Amino acid sequence: MKNHKAEEKKAKQAEALDGACGAEAQPAEGAACELEKQKKQCEDYYNQLLRLQADFENYRKRMEKDRPELIKYGKAEILMKLLPLYDLLLAAHNHINSAKESAGNEDVLKGLEMIFKEFSRMFEAEGLRPMEPVGRPYDPMAGEILGVVEGTDENDGLVVEELQKGFYYGDKILRPARVKIAKKKAAPAPQPEERPAEEGQ
């Protein structure tokens, strides 16, 4: 009987002990799950931060690469605004040059020459080059035809006169030239010979 009671007592103690262990294990398991969740969230934030850092680095490199090109286009806009002034000076220069023998034109001509030298120096420093289309085959990418003159076999399709100067900016066309080209007259088509009417018809 004593043995039976002792065994019952031991069983109750073991049951109580199991219950206590289960109660302790449950919060410990929940805490471990919460810790795992926070760890995963931290890893996600860290990965997002790495991606943002890489994106920013790529953006910075792209901006550094594009910066000289943006500056170049800004300069191109200013140069485009200067070209009409250059055209007017060129027209005045040509007009005075053609009337050289008139008295009092020499000083004006010298002044214009100095202005042109300064323009040329500045244009060259900025990478602006004038086109030289006269005597060359017409290039539709670099010129605009404003007139056609009668040509020969030798100059057919060549530019014979530049009406407005064209310019390259670096390797690109800043302004196409306006030109006249020579075009050879097409030979008249041969007329079909008339056959004499056959006798007896």
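## Sheet β1-β4-β5 and its residues

Three strands make up an open sheet, ordered β1-β4-β5, and their pairing is antiparallel. The edges are taken by β1 (128-130) and β5 (172-175); each has a single partner strand, so one side of each is left without a neighbour in the sheet. From one strand to the next, the twist averages 35 degrees. The model described here is predicted.

Strand β4 covers residues 167-169 and is joined to β5 by 3 bridges, the two strands running antiparallel. Across this pairing, Phe-167 stands opposite Arg-175 in β5.

**Arg-175.** This residue belongs to strand β5. Is Arg-175 buried or exposed? Its relative accessibility is 10%, and because the limit for a buried residue is under 20%, Arg-175 counts as buried. The side chain of Arg-175 is joined to that of Asp-87 by a polar contact of 2.9 Å.

**Tyr-168.** Strand β4 contains Tyr-168, which counts as partly exposed at 23% relative accessibility. Apart from residues up to four places away in sequence, Tyr-168 touches Gly-127, Leu-128, Arg-129, Met-131, Ala-142, Ile-173 and Leu-174. For one of these, Gly-127, the separation from Tyr-168 is 41 residues in sequence and 8.1 Å in space, C-alpha to C-alpha.

**Lys-172.** Strand β5 also holds Lys-172, which is partly exposed, with a relative accessibility of 42%. Between Lys-172 and Leu-128 there are 44 residues of separation in sequence, and the C-alpha to C-alpha distance is 9.7 Å.

**Cysteines.** How many disulfides does the structure hold? The count is 0. Cys-33 is exposed at 52% relative accessibility, and Cys-42 is likewise exposed, with a relative accessible area of 52%.

The relative accessibilities of the residues discussed are collected below.

| Residue | Relative accessibility | Class |
|---|---|---|
| Arg-175 | 10% | buried |
| Tyr-168 | 23% | partly exposed |
| Lys-172 | 42% | partly exposed |
| Cys-33 | 52% | exposed |
| Cys-42 | 52% | exposed |

Methods: Residues are numbered from 1 along each chain as its sequence is written. This is a predicted model: local features need pLDDT of at least 70, side-chain atom pairs count only at pLDDT 80 or more; totals for chains, interfaces and linings use all residues. Side-chain values use heavy atoms; hydrogens and water are left out. Two strands pair if DSSP finds at least two bridges between them. Helices (H or I, at least four residues) and strands (E, at least two) are DSSP runs, numbered from the N terminus. Axes are lines fitted to C-alpha atoms, for helices over the stretch in contact, and angles run from 0 to 180 degrees between N-to-C directions. Buried means under 20% relative accessible area, exposed over 50%, partly exposed in between (1.4 Å probe, protein chains only). A polar contact is a pair of N or O atoms within 3.5 Å; within protein, one must be able to donate a hydrogen and the other to accept it, and residues adjacent in sequence count only if both atoms are side-chain atoms. A disulfide is a pair of cysteine sulfur atoms within 2.5 Å. Contact means heavy atoms within 4.5 Å.
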